[in-house]
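Reader: I've got a model open and want to talk through its strands and its surface. Can you walk me through it?

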Amino acid sequence: MASTHEYALMAGAAYISTRDDINKIPVPLGWEEVLGSYANLTSSGFEAISFRRGNEIVISFAGTDFTSISDWLNGNIPLVTGLPSEGNKRVRS
């Protein structure tokens, strides 16, 4: 089972599109990105990625990125009002 430290690194590693390469958080040793698992919905700021170690899989969600008004309109405001956000619609389809 992943340690708390490994979970924290994988959570930070999910913020791919909003960080310069020098500021990206590395995947913990022994873990690898599941090829093709990265999802990025620019309209809401939602990002997700999966990591694997043996038969363990961790799915890491980045959430919204607060870089544009679109992030608020398509991600945060719908969630506050109880409606599905753009990210939730994507995940369910």
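Predicted model: local features only at pLDDT ≥ 70, side-chain atom pairs only at ≥ 80, totals over all residues.

Reader: Is strand E3 (residues 46-53) largely enclosed or open, and why?

Author: Strands (E, at least two residues) are DSSP runs, numbered from the N terminus, as are helices (H or I, at least four). Buried means under 20% relative accessible area, exposed over 50%, partly exposed in between (1.4 Å probe, protein chains only). Six of the eight residues of E3 are buried, so the strand is largely enclosed by the rest of the structure.

Reader: Which residue in E4 stands opposite Ala48?

Author: Two strands pair if DSSP finds at least two bridges between them. Opposite Ala48 you'll find Phe61.

Reader: What phi does Gly54 have in the turn?

Author: E3 and E4 make a hairpin, with two residues between them. Gly54 sits in that turn, and its phi is positive, at about 60°.

Reader: Which residue in E3 does Glu32 face?

Author: Strand E1 (residues 32-33) pairs with E3 in the antiparallel sense, over two bridges. The residue opposite Glu32 is Arg52.

Reader: What relative accessible area does Ile77 have?

Author: Ile77 belongs to helix H2 (residues 69-80). Ile77 is partly exposed, and the value is 40%.

Technical notes. Residues numbered from 1 in each chain as written. Heavy atoms only, no water.
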